Amino acid sequence: MRLLSISTGKVMPLFGNHHPDYQSVASAIRKKSVSNLEDPLPVEIYSLGVKGDEQADLSAHGGIEKAIYVYPAEHYAFWNELLTRETKKSTVLKHGAIGENFTIEGLLETEVFIGDKLLIGDLEFVVVKLREPCFKFNATLGYKGAAKAMVQSGFCGWYLRVLKTGSVAAGVQITIIPGARDTSIAEQNRNLIQHRNQQDLWE
C-alpha cells in the first residue's frame with residue numbers, strides 16, 4: 001500500500017466564465033498533482049488538509065473531519081472505460097481528476113473501516129466517512145450519470161481527519177491500524193444506496 005499522488009485545487013467557477021448564469025457555482029474539485037512518483041516533492045499537511053488546497057463548500061468538503069479525500073487508483077480504469085463509452089470521447093483521467101487529495105494503491109473501500117488509522121509516511125490519519133458525490137462531480141467529468149455511477153459502483157473513496165501533521169511525499173508506504181471495524185466504507189456506501197432508493201433521491 002502506498003501513496004501515488006498528492007493533489008490540490010483552487011476555488012473557481014465550476015462551469016467556467018462562458019456560463020454567466022452559473023458563475024456563482026464555485027468548486028475546487030478540479031485538482032492537479034503536486035507530488036507524484038515522477039516528481040515526489042514533499043508537501044505540508046495541516047489539520048485542515050493539504051497546503052495550497054481549497055474548498056468552496058465547507059459543509060460538504062474540508063474542515064477538520066474531511067481534511068483529506070483519499071481515492072484508490074485501482075478505480076481509474078472503471079472511470080476511463082465508463083466515460084469513454086458514455087461521452088464517445090477517449091478518456092484517460094489523471095490522478096486528482098476525481099477530486100481527491102491522496103491517490104493511493106493497495107487499499108479499497110471494502111478493506112477500510114470508519115475509525116481505522118492510516119500511517120502515511122511519518123503522518124497519521126483516521127478514517128471518518130465515505131465521499132457522497134453531487135452535481136459538481138457530474139459537471140467535472142462531463143457526464144450527468146457520474147455521481148450515480150460512483151454510488152452504485154461503491155468506488156467512492158473516503159475522508160480522513162489529520163491526527164499528526166507534517167510533510168509527506170508521493171511514494172511513501174501506507175500502514176493501516178484497525179479500529180473497532182464496525183462499519184466499512186463499502187458498507188456505509190451500501191446503506192447510502194438503500195436510503196436513496198427508499199427516498200428516491202437519485203438525480
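**Figure 1. Asn80 within helix 1 of the predicted model.** Asn80 lies in helix 1, and the model in which it is shown here, as in every view that follows, is a predicted one. With a relative accessibility of 17%, which falls under the 20% limit, Asn80 counts as buried. Leaving aside residues up to four places away in sequence, Asn80 touches Thr91, Val92 and Leu93.

**Figure 2. The packing of helix 1 against helix 3.** Helix 1, made of residues 76–87, packs with helix 3, made of residues 146–153, at an angle of about 140 degrees, and the axes of the two helices are 12 Å apart. Helix 1 and helix 3 are therefore oblique to each other, and their crossing is right-handed. On the side of helix 1 the contact is made by Phe78, Trp79 and Leu82, which meet Ala146, Ala149, Met150 and Ser153 in helix 3. Within helix 3, the buried residues are Ala146, Ala147, Ala149, Met150 and Val151. Helix 3 is followed by Gly154, which has a positive phi near 80 degrees.

**Figure 3. Two residues other than glycine with a positive phi.** Most residues other than glycine have a negative phi. Lys88, although it is not a glycine, has a positive phi of about 60 degrees, and its place is in the loop between helix 1 and strand 8. The relative accessible area of Lys88 is 70%, and Lys88 is therefore exposed. Arg181, likewise a residue other than glycine, has a positive phi near 60 degrees and is found in the loop between strand 13 and helix 4, the latter spanning residues 185–199. The relative accessible area of Arg181 is 31%, so Arg181 is partly exposed.

Figure 4. One of the pairings is that of strand 7, residues 68–72, with strand 8, residues 102–105, where the two strands run parallel and are joined by three bridges. In this pairing, Tyr71 stands opposite Thr103 in strand 8.

**Figure 5. Strand 10 and the strands that pair with it.** In strand 10, which covers residues 123–130, six of the eight residues are buried, so this strand is largely enclosed by the rest of the structure. Strand 9, residues 117–120, pairs with strand 10 in the antiparallel sense over four bridges, and Leu119 stands opposite Glu124 in strand 10. The hairpin of strand 9 and strand 10 has two residues between the strands, and in this hairpin Gly121 takes a positive phi near 60 degrees. Strand 10 also pairs with strand 11, residues 158–164, again in the antiparallel sense, over six bridges. In that pairing, Lys129 stands opposite Tyr159 in strand 11.

Figure 6. Three strands with antiparallel pairing form an open sheet in the order 6-5-12. The edge strands are strand 6 and strand 12, the latter covering residues 166–168, and each of them pairs on one side only. Strand 5, residues 43–46, runs antiparallel to strand 6, to which it is joined by two bridges, and Ile45 stands opposite Val50 in strand 6.

**Figure 7. Ala56 in the loop between strand 6 and strand 7.** The loop between strand 6, residues 49–50, and strand 7 holds Ala56. At a relative accessibility of 39%, Ala56 counts as partly exposed. Not counting residues up to four places away in sequence, Ala56 touches Val11, Ala26, Ser27 and Ala28. Along the chain, Ala56 and Gly157 are 101 residues apart, and their C-alpha atoms are separated by 19 Å.

Conventions:
Residues numbered from 1 in each chain as written. Predicted model: local features only at pLDDT ≥ 70, side-chain atom pairs only at ≥ 80, totals over all residues. Heavy atoms only, no water. Pairing = 2+ DSSP bridges. Axes fitted to C-alpha atoms, helices over the stretch in contact; angles between N-to-C directions. Parallel < 35°, antiparallel > 145°, perpendicular 65-115°, else oblique. Left-handed = near helix turned anticlockwise from the far one by under 90°. Contact = heavy atoms within 4.5 Å. Buried < 20%, exposed > 50% of the residue type's maximum accessible area, 1.4 Å probe, protein only.
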